[in-house]
Amino acid sequence: MQHQGLQRIFEEHREQLLRYLRAHGAGDAAEDLVQELWLKVIATVSGPIANPRNYLFRSATNLMIDRRRSDAQAQRREVEWSGLADRLPTSAANDPGPERELDGRRKLSLVETELAKLPPRALSIFRQHRIEGRTQREISSAMALSASTIESDLRMVYRLLDELREKLDEE
């Protein structure tokens, strides 16, 4: 008997619920959401409701919140999956294509040529610090050099790399 009264109120306010859901972003899915709303309401209501109209609209709001959360979660999953799929060895994203590969090889050759012009000590310090992950203090101790010498050599390499980056960005 209680569902009949609620159903009457639901039917009276059905168009308002549709407009409400559309106004809150449901778009074409508003019809489906109204049906889902009714199914949820009759499944959960077990006792009298003081204000059935407000109850229906509050339930519609909760349904929209759930839908937005679900959509956001699906988007995050899609982004995460895309990111993971791009890391697979067979992914098309890992295939740079012949032009990009050729350009990458040219840029790498230019960087290697320019780095070879630097003093061997500066390159060694750079490799130890940036590639091997050693601290400046560890390098200073192992090479018996002052901290300022380590910093100076690193600045020299960083300056060259920065100039190369600007040059390559201009191309």
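Ala-142 is found in helix α7, where helices (H or I, at least four residues) are DSSP runs numbered from the N terminus, as are strands (E, at least two). Ala-142 has a relative accessible area of 54% and is therefore exposed; the classes are buried under 20%, exposed over 50% and partly exposed in between, with a 1.4 Å probe and protein chains only. The model is predicted: local features need pLDDT of at least 70 and side-chain atom pairs count only at pLDDT 80 or more, whereas totals for chains, interfaces and linings use all residues. Residues are numbered from 1 along each chain as its sequence is written, and side-chain values use heavy atoms, with hydrogens and water left out.

Ser-140 is also placed in helix α7, which spans residues 136-143. Its relative accessibility is 14%, so Ser-140 counts as buried. When neighbours within four places in sequence are left aside, Ser-140 is in contact with Leu-145, Ser-146, Ala-147 and Ile-150, contact meaning heavy atoms within 4.5 Å. Ala-144 lies in the loop between α7 and α8 and, with a relative accessibility of 70%, counts as exposed. The phi angle of Ala-144 is near 55°, a positive value in a residue other than glycine. Most residues other than glycine have a negative phi.

## Packing of α6 against α7

Helix α6 (residues 120-131) and α7 pack at an angle of about 135°, and their axes are 10 Å apart. Axes here are lines fitted to C-alpha atoms, for helices over the stretch in contact, and angles run from 0 to 180 degrees between N-to-C directions. The angle therefore makes α6 oblique to α7; angles under 35 degrees count as roughly parallel, over 145 as roughly antiparallel, 65 to 115 as roughly perpendicular and the rest as oblique.

On the α6 side, the contact is made by Arg-121, Ser-124, Ile-125, Gln-128 and His-129, and on the α7 side by Gln-136, Ile-139 and Met-143. These residues divide into 3 nonpolar, 4 polar and 1 charged, with Ala, Val, Leu, Ile, Met, Phe, Trp, Tyr, Cys and Pro counted as nonpolar, Asp, Glu, Lys and Arg as charged, and the others, Gly among them, as polar.

## Two partners of α8

Helix α8 (residues 147-170) packs with helix α5 (residues 97-116) at an angle of about 150°, with the axes 11 Å apart. The two helices are therefore roughly antiparallel to each other, and their crossing is right-handed. From α5, Lys-107, Leu-110, Val-111, Glu-114 and Leu-115 meet Val-157, Leu-160, Leu-161, Leu-164, Lys-167 and Leu-168 of α8. By class, the contact of α5 with α8 comprises 8 nonpolar, no polar and 3 charged residues.

The axes of α6 and α8 come within 9 Å and cross at roughly 90°, which means that α6 is roughly perpendicular to α8. In this pair, Arg-121, Ala-122, Ile-125, Phe-126, His-129 and Arg-130 of α6 meet Thr-149, Ile-150, Asp-153, Leu-154, Met-156, Val-157, Tyr-158 and Leu-161 of α8. The contact of α6 with α8 has 9 nonpolar, 2 polar and 3 charged residues.

## His-13 between α1 and α2

His-13 lies in the loop between α1 (2-12) and α2 (14-23) and is buried because its relative accessible area is 15%. The side chain of His-13 makes a polar contact with the side chain of Gln-16 at 2.5 Å. Such a contact is a pair of N or O atoms within 3.5 Å; within protein, one must be able to donate a hydrogen and the other to accept it, and residues adjacent in sequence count only if both atoms are side-chain atoms. Apart from neighbours within four places in sequence, His-13 is in contact with Arg-53 and Phe-57.

## Helix α4 and C-alpha separations

Asn-62 lies in helix α4 (residues 52-87). With 33% relative accessibility, Asn-62 therefore counts as partly exposed. The C-alpha atoms of Asn-62 and Arg-76, 14 residues apart along the chain, are 21 Å from each other. For Ala-142 and Asp-66, 76 residues apart along the chain, the C-alpha separation is 59 Å.

Key: A crossing is left-handed if the near helix is turned anticlockwise from the far one by less than a right angle, and right-handed if clockwise.
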